[in-house]
Amino acid sequence: MFKKILAVLTGMSMTAAMMTGCGGQQQDAAPQPDAGTEPAAEETAEAPGTDEASTGEITLNLYHSWSAETTRGEVLAKLVEEFNEQHTGEIKVVVETNPDFPAYQEKVKTMLSTKTAPDIFHYNYNPNDLSYFESGLLMDFTPYMDEEWKGKFEASDLETVTYDGKLLSIPFESAGAVIWYNKDVFAEVGITEFPDTWDGLLEACKTLKDAGYGGFSLYTGDDAWYSINLITGLWIANEGAAKVNTSTSFQTPGMVDALNTYKEFCQYSTSDVIGGNYSVAGANFSSKKTTMAIDGSWFTGYQDESVIPSISAAPMPTNGDGVAEQGYLVTDAQTPWAASAQTDPAKEVAIAEFLKFITSEEATKTLTMEGSVVLSAKAELTEEDLSNVTEQMAAYLEVNGNAPSRTTNLERNLSTEAAAELPTLLESFLLDQITAEQFCEQLDALN
């Protein structure tokens, strides 16, 4: 199994590799701009930073959403500490976190608009909301992106975060969402193999309910991540990944059917679907009120340790009609790093140095091996690396690596207005105040 995963993952942009540690190696010298090019502050808007060149230790403020209480947040904190130790007296990264990701993203937008953004932060890329790029307040990494650093990423990922000829972000994370399920509960109720069709999964939910367990963890609050992952997956099953990936409207028979099937699955979830959020839905899985969740590689890092041995990953089902290929992935949006434009060239160099470190092969391996995060940066995998991952991560990598197609969760491509109204539309639909057809019509109008 591991050889198959290795062959697939080493050629994929979204897959990082693993090993037990960073190795603690000293990083290369700070990246320098191309010959004859001076990194300059944006001239279109007032940029944060100091007016005079830095002297002594440079402090970089890093703002992100990975709580130190989670596995990935803990590992990222370790890497920041390692970087600071390697650059004692030269560069110091100071971290602030906000684990409420929807609130975090709104705060970043507010900080940008008020020109108080941190030196380094991450965000969800949305092709329908380019306010980050259009602000004129992001650092341009083009002068620092030498061939060696560029080689760590797929060209398509770099193109995604290039705007008006400027590289305004550094690709970091773009993880697939698999179906995590409690294999022990499934076995307890007599389900020995995970269903390969959605109809079969609905039948499984009925069996689970009869035994006192719920099906999927779902919720409508915040960004409705779990619900929209399920709806997106059902839409792909109905119309195929290629059609969904190029669709310009939600008013399609496949999307309408997906919503109606989603409502059926809600009957086998918990009573707090309406108004619930990510934390509530995750806790429902830990307590076995639910037995499935469609989430990324970080899922186990949020679960109670007692339930982790029971968790495994399964590929997305199909309708059994050949329209969709078994194992297609619904993914999160690209979540890149960005930096505030600086007036101090030395601070720019320090920012590039840190991001070069955090996307290095050593850091990429450590974040994936120890933090259960699949990243955009490339890294060579070995069979020994793969043999050291947890059973859960191995299952995730197998599903992720074998995926025949990838489709971004539909919420991640909505306009700001449409995304804000999505929870209300979902709740209205589940309460039978609007039909699936009206849901699609209104979402199109908002988008």
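Visitor: In this predicted model, which residues lie nearest the centre of the second largest pocket, and how many residues line that pocket?
Guide: The model is a predicted one, and a residue counts as lining when it has an atom within 4 Å of a point of the pocket. Of the lining residues of the second largest pocket, those nearest its centre are Q105, E106, K109, E411 and A419, and the lining as a whole numbers 18 residues.

Visitor: What is the volume of the second largest pocket, and how do its lining residues divide by class?
Guide: The volume of the second largest pocket is about 440 Å³. By class, the residues of its lining divide into seven nonpolar, four polar and seven charged.

Visitor: How much space lies in the largest pocket, and which residues are closest to its centre?
Guide: The largest pocket holds about 640 Å³ of space. Its lining is made up of 29 residues, and the ones closest to the centre are R72, P99, F101, Y278 and Y302.

Visitor: Which element supplies the largest share of the lining of the largest pocket?
Guide: By class, that lining has 10 nonpolar, 10 polar and nine charged residues. At least two residues of the lining of the largest pocket come from each of α3 (101-113) and α12 (278-286). The largest share, five residues, is supplied by α12.

Note on methods: Residues are numbered from 1 along each chain as its sequence is written. This is a predicted model: local features need pLDDT of at least 70, side-chain atom pairs count only at pLDDT 80 or more; totals for chains, interfaces and linings use all residues. Side-chain values use heavy atoms; hydrogens and water are left out. On a 1 Å grid over the protein atoms alone, a cavity is a set of points where a 1.4 Å probe fits but cannot get out, and a pocket is an open set with protein on both sides within 12 Å along at least five of seven lines; lining residues have an atom within 4 Å of a point. Grid points are joined across faces, edges and corners, and a volume is the space filled by probe spheres set on the points. Helices (H or I, at least four residues) and strands (E, at least two) are DSSP runs, numbered from the N terminus. Ala, Val, Leu, Ile, Met, Phe, Trp, Tyr, Cys and Pro count as nonpolar, Asp, Glu, Lys and Arg as charged, and the others, Gly among them, as polar.
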